[in-house]
Amino acid sequence: MNLKKIAGAALGVAMFASLGTVAIAPTASANSNCYFIQYHNSDLAPHSYWVPDHNLSYSPSNHDGCVVILQQELNQAYGAGLATDGYFGRKTLDWVNRFQGDFHCAGGVDGIVGANTFSCLNWVTDNYQAS
């Protein structure tokens with residue numbers, strides 16, 4: 001893990017440390033990292049969620065471990081029936097666009113899953129399922 005990634009993870013922890021006890025566990029794939037953040041004793045934030053260290057976007061030929069988590073979250077929110085294969089193909093893009101259109105917390109429809117979309121999706125799957 002390089003210094004930039006460590007600094008980014010530390011900043012995220014510092015921002016939310018006042019909300020409760022925070023624990024971070026990274027999961028790595030060939031080209032990316034996703035961080036699992038857990039909150040304890042906090043009513044202000046979800047108990048846990050995933051944060052990628054990069055934006056996720058349409059790329060049907062590149063496997064990304066963070067896309068697996070994205071696909072799992074979309075399946076939970078919508079019953080999308082996506083294969084959790086880590087490839088951000090057309091079906092994943094269609095569901096991302098639908099989610100971004102349904103939930104304004106995603107920051108608009110652009111087909112790119114950045115921090116706003118990913119945290120919004122985590123919030124939705126923690127609190128209720130989209131219709």
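## Basis of the values

The model is predicted: local features need pLDDT of at least 70, side-chain atom pairs count only at pLDDT 80 or more, and totals for chains, interfaces and linings use all residues. Residues are numbered from 1 along each chain as its sequence is written, and side-chain values use heavy atoms, with hydrogens and water left out.

## The disulfide

A disulfide is a covalent bond between the sulfur atoms of two cysteines. Here it is counted as a pair of cysteine sulfur atoms within 2.5 Å, and the count comes to one disulfide. Cys-105 and Cys-120 form this disulfide, with their sulfur atoms 1.6 Å apart. The pair links distant parts of the chain, 15 residues apart: Cys-105 is in the loop between α3 (90–102) and α4 (115–127), and Cys-120 is in helix α4. Helices (H or I, at least four residues) and strands (E, at least two) are DSSP runs, numbered from the N terminus.

Cys-120 counts as buried because its relative accessibility is 3%, whereas Cys-105, at 43%, counts as partly exposed. Buried means under 20% relative accessible area, exposed over 50%, and partly exposed in between (1.4 Å probe, protein chains only).

## Gly-107

Gly-107 also has its place in the loop between α3 and α4. Gly-107 is exposed, because its relative accessible area is 61%. From C-alpha to C-alpha, Gly-107 and Cys-120 are 9.0 Å apart in space, and they are 13 residues apart in sequence.

## Asp-64

Asp-64 is in the loop between β4 (59–63) and α2 (65–78). With 8% relative accessibility, Asp-64 counts as buried. Its side chain reaches the backbone nitrogen of Cys-66 at 2.8 Å.

Note on methods:
A polar contact is a pair of N or O atoms within 3.5 Å; within protein, one must be able to donate a hydrogen and the other to accept it, and residues adjacent in sequence count only if both atoms are side-chain atoms.
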